[in-house]
Amino acid sequence: MDSTARLFPENAHRALEDRQLQSALARFGEGFPVKRRNAIDRLPEFEALRDAGKAIKEHTLEHLDYYLEQFETKVTEVGGRVHWCTDAEAARQKILEICRASGARTVTKAKSMIGEEIGINEFLEHHSVKPVETDLGEYIIQLRHEPPSHIIVPAVHLSKEQVADAFRAAHPQFPSDRVLEEPRVMLDEAREVLRREFLSADVGITGANMLVAETGSIILVTNEGNADLTQTLPRVQIVIASIEKVVPTLEDATTILRLLARSATGQELSVYTTFTTGPKRPEDLDGPEEYHVLLLDNGRTSMLGNEFKEMLRCIRCGACINHCPVYAAVGGHAYGWVYSGPMGAVLIPNLIGVGEAGHLPNASTLCGRCEEVCPMRIPLPRMLRQLREKQFEAKLSPKPIRWGLWGWAFLARRPALYKLAMRVGVGTLGAIGRRRGRFRSLPMASGWTQARDLPSPQGPTFQQLWSARGGRRQ
Amino acid sequence: MSGPRDQVLTAIRSALGRRVLPEQATAALDRRLAQPAANVVPARGRLPLAERIELFVSEAQRVNATTARLPDLQAVPGAVMAYLRQANLPAAVRAATDPLLQAVPWSSEPLLQVAHGRAQGEDVVSVCAAFAGVAETGTLVLVSDAHNPVTLNFLPENHIVVLPTSRIVGAYEEAWQRLRGTLGHRRMPRAVNWITGPSRTADIEQTLLLGAHGPKQLHILLVDADTGR
């Protein structure tokens, strides 16, 4: 997918002024955080599970080559095929090749962030294969030709009226004067339309929440059941997964599953957790005859070797997004690519470059809520800071910021000068602002004072107070 | 030129700053895979049988499944008919041929039509057999094979699942151990389905709706004595 991450400031401004989006974000609100809290309160072992989950991922990443080879062996044993892909283009070509070999015209898809990452839908359409998204939210945004605005609730930015409009435009088979006001009615319409697609598709494409090295199984987690129809009905199944999705055993996967839904939607477990291992067995009555798994690198091995390695523990639950004040203010599309929120702000620059996505790590107040709720304890704020450093070092940040930081560093390294500057600065501001007690606007800080007043400094500086109270340097 | 497989594996090893793992290291990892160990198992997944059954029922109901408790398999046809009647559905089901369900005396309900085989698009009600039930979240474990097609779990709008209470385990890990006992280590059927309530979505304005693409109703028949007699 093409990125507009470089336009984050403009995107964010537009998002803040978009009333419809703001009301959708307000509706989204604290729903998931509250449900998550309730689910965790029912499970006293949650913190211990987080430690265990983190340890499993760390162990797997240290032995990633071994576990991927084991996974491959087991898939091959049951008659499946594994295809290794270094980048998005290789994955797209492989998928097209499989579709063409099976004469596929329609492909059903179960929401996959890797599918979004490699832009598989546009690519297949361009090559005359029709992809049909089957997750309700993903289906809606496909009709609107939009990327997802949240990794687990892709259409969270839309109102039901917008969904109704999309359905009217896309479903001419129904009477144009039908009433489409209730979500129930829209769901039933989508169910009817998609049921036909499920039954006639030639190929089903899914992602994978995890891969299990012990058995060569892929795990898919959904609430709708769409992934199961996608991977049961068509003659050919294609699974696309990035390499960090592998875990050693079913027990390890189980530990992570106890964390996933609780962190994501606050459910104890999603409705359907499916472990699929290879194609239809000779005696089976249903299931695909052909089974392919694509193992995709696409930037993961570079992260494995750098300071962002811990990001590879991410299980894509979305908890960091649900708890992010910046996401809550601007929504997912402002980030300009397929991921969003704190995980997106770390992942996107790593996958498409700091030059393109250098703004994103700045889209954070570093409040730390994301790290607090991350089931895998990924140090997201630390990584955001490191990406800011990278952006600074590569001279990619805007000049006023670079000069400002340079000026700050100059002062901070010269304590005497710093002390003097503070005394003068604080004294002057204090004197000017004494009457009102606050500033409604300040030169060079209009962005800050636009929405709030700056209280004027009162009395001495911190350092003066510190020495007056007998504070000492360590 | 090396292929993509070698490229990815080489890139992984160079990122980890090492070569192919030495044999001792892989032997330890082989053991980890051959003897999978449970990690953290929550206390609520370690209850005695009676409480386990109670927890299973209350967790399943929390996620909108309905349940009925039956003394034995003889009572299954009547319970299925009762379900169809209260839901105002025709007296026809498609049932799996799992050995458990073969012991069900379907002919005791002469008006009930029972078809077998994989589900078709028009099927309204299916009857399946659970391999296990997991008390900690009220989750059903269904396993695919020649008698248990996966389509029965997803295509019909009404999913009736027969679960002998003796198959209710505390935690998911026990279900894995039981499956390994049946199939052997490092082996899986094509599909293992964990099912926790009927299908749902909240993709339109976070309105929770049951019956997205899978069943709208999940009805669990808990059977205390799982022999036909």
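Reader: Before we go on, what should I know about the model and its labels?

Author: It's a predicted model, where local features need pLDDT of at least 70 and side-chain atom pairs count only at pLDDT 80 or more, while totals for chains, interfaces and linings use all residues. Residues are numbered from 1 along each chain as its sequence is written, and chains are lettered from A and ligands numbered from 1 in the order in which they are written.

Reader: How do I judge the overall build of chain A?

Author: For 474 residues a compact globule would come out near 23 Å, and chain A, at 26 Å, agrees with that. Its C-alpha atoms fill a box of roughly 85 × 60 × 45 Å along the principal axes. Chain A has 24 helices and 12 strands; these are DSSP runs numbered from the N terminus, helices being H or I with at least four residues and strands E with at least two.

Reader: What share of the 474 residues of chain A counts as buried?

Author: A residue is buried if 20 or more other C-beta atoms, placed from the backbone, lie within 10 Å of its own, exposed if 12 or fewer, and partly exposed in between. By that count, 51% of chain A is buried.

Reader: Now sheets. How do strands hold on to each other?

Author: Strands of a sheet pair through backbone hydrogen bonds, either parallel or antiparallel. Here, two strands pair if DSSP finds at least two bridges between them. In chain A, six strands make an open sheet with parallel pairing, in the order β1-β10-β7-β4-β2-β3. β1 (81–85) and β3 (130–133) of chain A are its edge strands, each pairing on one side only.

Reader: Which strands pair with β4 (residues 203–206) of chain A, say across from β7 (residues 236–242)?

Author: β4(A) and β7(A) pair in the parallel sense over four bridges. Ile205(A) sits opposite Ile238(A), and Val203(A) has Val236(A) as its bridge partner. β2 (residues 106–109) of chain A also pairs with β4(A), again parallel, over three bridges. There, Lys109(A) stands opposite Ile205(A).

Reader: Which way do the residues of β4(A) point?

Author: Val203(A) and Ile205(A) point one way, Gly204(A) and Thr206(A) the other, and all are buried.

Reader: And what sheet does chain B have?

Author: Chain B has an open sheet of six strands, paired in parallel, in the order β1-β12-β7-β4-β2-β3. β1 (66–72) and β3 (113–115) of chain B each have a single partner strand, so one side of each lacks a neighbour in the sheet.

Reader: Last topic: how do I read the contact between the chains?

Author: Two residues are in contact if their C-beta atoms, placed from the backbone, lie within 7 Å. Chain A gives 76 residues to the contact and chain B gives 60 residues. On the chain A side, the largest share, eight residues, comes from helix α11 (residues 183–200). The chains also share strand pairing: five bridges join β9 (residues 272–276) of chain A to β9 (residues 191–195) of chain B, running antiparallel. Within that pairing, Phe275(A) stands opposite Val192(B).

Reader: Is Arg27(A) buried or exposed?

Author: Arg27(A) is exposed, because 12 other C-beta atoms lie within 10 Å. Arg27(A) belongs to helix α2 (residues 19–28) of chain A. Setting aside neighbours within four places in sequence, Arg27(A) is in contact with Glu205(B) and Gln206(B).

Methods:
The radius of gyration is taken over C-alpha atoms; the globule rule is 2.2 Å times the number of residues to the power 0.38.
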